[in-house]
Amino acid sequence: MAVEQRELAANEVLLEVEGLHTQFFTEQGVVKAVDGVSFTIEKGKVLGIVGESGCGKSITALSIMRLLPEPRGRIVSGTITFHPPDGGSVNITKLDRHSAEMRSIRGQHIAMIFQEPMTSLNPVYTVGDQIIEAIQLHQNVDKEAARQRAIEVLHQVDIPDPERRINEYPHQMSGGQRQRVMIAMALSCYPSILIADEPTTALDVTIQAKILRNMRRLQQQYGMAIILITHDLGVIGQMADDVLVMYVGRKVEQASVRQLFLNPLHPYTQGLLRSIPLIGLRGKKLQPIAGSVPSPYNLPEGCCFAPRCPQAMPKCRQEVPIEAEVEPGHFVACWLYK
Ligand SMILES: Nc1ncnc2c1ncn2[C@@H]1O[C@H](COP(=O)(O)OP(=O)(O)OP(=O)(O)O)[C@@H](O)[C@H]1O
Ligand code: SF4
Ligand SMILES: [Mg+2]
């Protein structure tokens with residue numbers, strides 16, 4: 001019985017995204033930034049989302065956070081169901097994005113580290129004041145308790161001498177330290193889900209590896225789930241349990257990291273894997289995927305990858321591929337596996 005309960009707890013679903021369509025309504029036309037994406041996140045798991053620039057990774061994250069520039073960019077259909085740790089469920093797509101309920105989910109339950117840390121830290125306040133404010137916004141604690149918690153999280157993300165550095169301004173820190181401050185701020189309210197959008201892309205490789213290791217350690221310690229967005233499959237290999245590959249707003253493949261690396265099915269995933277320097281394959285010539293991501297205003301009929309796909313068939317240019325489960329837990333949307 002105890003074992004059964006532990007297994008249930010391990011598979012606790014925190015977030016379900018079902019048929020998400022997010023679009024931008026611009027002068028030039030409609031951009032289908034997220035076009036029917038579904039996935040779930042379980043407690044304690046890291047889900048990687050990977051794909052080239054413009055594939056809809058950030059917009060998927062901003063849809064979950066309800067931080068889209070509405071009404072120009074908005075969720076047009078689908079559901080995003082969040083299951084708070086204290087029970088129940090809430091459909092995020094139905095909430096007013098300014099409501100108290102949404103504000104409490106955002107920050108307290110689902111925290112996000114943004115692609116550009118400098119734009120999310122305010123240059124005129126000390127990093128300490130910003131973390132303390134975030135804590136006091138969501139937790140009923142006095143300023144001194146919030147300050148202690150801020151020092152604790154700065155320490156956890158490996159900022160040396162946090163008692164002193166808490167009084168520094170963002171510009172007094174290096175890029176890597178600012179990114180750690182962002183992670184500290186996100187962790188300060190014990191979120192159940194952390195969304196990290198390219199958290200280390202701007203940093204040099206050694207610092208990147210250190211921050212990722214630190215994030216993984218904290219994730220295990222806190223039992224959080226992480227949605228890790230990156231264009232780098234190397235980072236996915238290091239960090240994620242499961243991977244979702246996106247191409248032009250659509251999910252083209254989803255699998256465990258092991259399945260994806262050992263047996264990539266979608267020609268796009270295969271192309272991505274051939275185009276990155278993987279450990280063990282160093283020295284091998286990298287082959288970038290030929291061609292480029294199509295303009296969102298002029299998408300090809302059928303499979304969006306057809307113009308770049310070495311295995312495209314006539315059917316591919318007519319019909320959008322339907323997702324198939326090729327092996328347990330391994331999904332692909334490609335006519336090669338109908
Ligand atoms: N404010 C906006 N107005 C119009 N279109 C937008 C806007 N923001 C994003 N888009 C479009 O939505 C699509 C998805 O963008 P998104 O930012 O999610 O890509 P991404 O996968 O995060 O790319 P990157 O790796 O460059 O961060 C793109 O076609 C993009 O041009
Ligand atoms: S559906 Fe066709 S064009 Fe698209 S990835 Fe598969 S084989 Fe290539
Ligand atoms: Mg992005």
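Tutor: What follows is a set of questions about labels and the values behind them. This is a predicted model, in which local features need pLDDT of at least 70 and side-chain atom pairs count only at pLDDT 80 or more, while totals for chains, interfaces and linings use all residues. Residues are numbered from 1 along each chain as its sequence is written, chains are lettered from A and ligands numbered from 1 in the order in which they are written, and side-chain values use heavy atoms, with hydrogens and water left out.

Student: Why is I289 called buried?

Tutor: Its relative accessible area is 16%, and buried means under 20%, exposed over 50% and partly exposed in between, with a 1.4 Å probe and protein chains only; I289 is therefore buried. I289 lies in the loop between α12 (267-274) and β11 (323-327), where helices (H or I, at least four residues) and strands (E, at least two) are DSSP runs numbered from the N terminus.

Student: Which residues does I289 touch, leaving out those up to four places away in sequence?

Tutor: They are Y268, G271, L272, S275, F305 and R308, where contact means heavy atoms within 4.5 Å.

Student: What makes D158 partly exposed?

Tutor: The relative accessibility of D158 is 38%, so D158 counts as partly exposed. D158 is found in the loop between α6 (143-156) and α7 (162-165), and has a positive phi of about 70 degrees although it is not a glycine. Most residues other than glycine have a negative phi.

Student: Which residues have the most contacts inside the largest nonpolar core?

Tutor: They are L15, F39, I110, I195 and I227, in a core of 99 residues; a nonpolar core is a set of buried Ala, Val, Leu, Ile, Met, Phe, Trp, Tyr and Cys residues joined through side-chain atoms within 4.5 Å. Helix α8 (residues 175-187) gives the most to this core, with seven residues. Leaving aside neighbours within four places in sequence, the contacts of I227 include L15, F39 and I195.

Student: How do the residues of the shell around ligand 2 divide into nonpolar, polar and charged?

Tutor: There are 11 nonpolar, two polar and no charged residues, given that Ala, Val, Leu, Ile, Met, Phe, Trp, Tyr, Cys and Pro count as nonpolar, Asp, Glu, Lys and Arg as charged, and the others, Gly among them, as polar.
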